[in-house]
2 protein chains.
Amino acid sequence: MNSFEKLSNSVERSKSLLCVGLDTSIAKLPAGIEKNVEGLLFFNRQIVEATAEYTAAYKLNFAFYEQYGSDGFDILKKTIEAIPQDKFVIADAKRGDIGNTSKAYAESAFDFFKADAITVSPYMGSDSLKPFLEYDNKMIFILALTSNPGSADFQRLEYGGTPLYQQVIKTTATYGNNQNTGYVVGATHPAELSLIRKIIPKHFLLIPGVGTQGGDAKAILKANNNSPVIINVSRDIIYSSGSVDFAESAAVRAEYYQKLLGK
Amino acid sequence: MNSFEKLSNSVERSKSLLCVGLDTSIAKLPAGIEKNVEGLLFFNRQIVEATAEYTAAYKLNFAFYEQYGSDGFDILKKTIEAIPQDKFVIADAKRGDIGNTSKAYAESAFDFFKADAITVSPYMGSDSLKPFLEYDNKMIFILALTSNPGSADFQRLEYGGTPLYQQVIKTTATYGNNQNTGYVVGATHPAELSLIRKIIPKHFLLIPGVGTQGGDAKAILKANNNSPVIINVSRDIIYSSGSVDFAESAAVRAEYYQKLLGK
């Protein structure tokens, strides 16, 4: 079973387009939980257990773990081990380097952490992405048009009428196929999502930016036009309560997004 | 003392433009060294001790440590601790994410690993880079025109006659100043380096790609026109001998580059 099939199956089984982002930090842990990496792992395990029914995937942004150094990397691995095997796991690491170095990053994400997919940055071009595609049954999500304000600085620059983000999609789509390649498109750009779907109707998109970042889920789903998609929500689920009921509250929020997004 | 001054002073004191890249992997450790992360740390410490006299800086590519997970991160930190305090340390991590996430990456590189500088990817724009610049006395090296073949795929695309790599330099140079911002330009592009030096004559450049990757040091130094620069060599120094004399051999190679590059 390749990654496209694993993710598709998980969407079907959970009847959910939701991806829960485990962007956890010690400073934001609810009252009553130890303010250290062990507390962070406890929190993550509770969140995973409470939300698994409602989500197709989990996304772990490596920055939130790397800020605690090697202990953080250890907790990251243990969190991934706590995720049910049939859920899709995305290493949100935005990596990319020259060929032999990207190979080492692929070994980290796929062999050590056992993620199903990794997010990658396209700036360094073909040889920075291809080592990730040499893995059978793994997937990359390439940054195309990101959710943040800075996405306007370079991603929208136009070459002969084609914005960079569209050129990135057109060029990199030739490196692999829709079974091993997807793209990151922020929920803050529904109009551009329609254009993107004309270029790549069959690739999975990972869409962050719904919830705290303000993306409109309904507008995004309409623009997506029933193509393969998962929609990431992080803070609005995992920090929906700052109190002892954090896990129950996260489950309620995850179910809300499961229903809102449909399948 | 800010990072620009620390790096300038280190160049003066060592009479060297050399940066030694500690791109170490267990599979390539010389004969006689244990093939595990402890062996890797032993090797790094020996290389640092042998080469410190001849080099202004050390660059640690995070990928080579992350491939070993949390143990690798631990060895990375211990390697940095083994580098003399007056040498400049670059976390070659090529990070970049939305604002609050880049902040966590900055905490990892600067607070946990205690690096003096980090390499960052410009694709996500201003808010992905600015959190790194909020640190006093730290520096970022922004990817501009990288040394690898894939640098042609997007970095050279032209917007109204300006290649993306030049637009990246022009735009991002306004975020900070030459005391906290530098750029990565591969040694494989001497002609473009001349153009870049007309845009930013006073910023430090980090130039990888000399040695195994084939960049011509003399052509690069001529194009650089005496602007602030450090030139990274990794494999050609650290793996110059695969035998018990690896440290002495690395010292000889580092001294060769110190003399070749001048100051």
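Let me start with Leu206(A), which stands opposite Ile230(A) in strand 10 of chain A, where strands are DSSP runs of E of at least two residues and helices are runs of H or I of at least four, both numbered from the N terminus. These two residues belong to a parallel pairing of strand 9 (residues 205–207) with strand 10 (residues 229–233) of chain A, carried over three bridges; for two strands to pair, DSSP has to find at least two bridges between them. What you see is a predicted model, in which local features need pLDDT of at least 70 and side-chain atom pairs count only at pLDDT 80 or more, while totals for chains, interfaces and linings use all residues. Residues are numbered from 1 along each chain as its sequence is written, and chains are lettered from A and ligands numbered from 1 in the order in which they are written.

In chain A, eight strands close into a barrel, in the order 1-2-3-4-5-8-9-10, with parallel pairing. From one strand to the next, the twist averages 30 degrees, with axes being lines fitted to C-alpha atoms, for helices over the stretch in contact, and angles running from 0 to 180 degrees between N-to-C directions. Helix 1 (residues 3–14) of chain A lies across strands 2, 3, 4, 5 and 10 of chain A, and runs at about 125 degrees to strand 3.

As for the chain as a whole, chain A has twelve helices and ten strands, and its C-alpha atoms fill a box of roughly 55 × 40 × 35 Å along the principal axes.

Let me turn to chain B. Which residues of strand 1 of chain B are buried on each side? Leu18(B) and Val20(B) are buried on one side, and Cys19(B) and Gly21(B) on the other. Strand 1 of chain B pairs in the parallel sense with strand 10 of chain B over three bridges, and there Val20(B) stands opposite Val233(B). Strand 1 also pairs in the parallel sense with strand 2 (residues 57–61) of chain B, again over three bridges, where Tyr58(B) is the bridge partner of Val20(B) and Lys59(B) stands opposite Gly21(B).

Strand 2 of chain B has five of its five residues buried, so it is largely enclosed by the rest of the structure. Ala57(B), Lys59(B) and Asn61(B) point one way from this strand, and Tyr58(B) and Leu60(B) the other way.

Finally, the interface: 47 residues of chain A are in contact with 47 residues of chain B, contact requiring that the C-beta atoms of two residues, placed from the backbone, lie within 7 Å. Among the elements that give two or more residues to the chain A side are helix 4 (69–81), helix 6 (126–133) and helix 8 (164–172) of chain A, while helix 5 of chain A supplies the largest share, seven residues.

Terms used
Buried ≥ 20, exposed ≤ 12 C-beta atoms within 10 Å, placed from the backbone.
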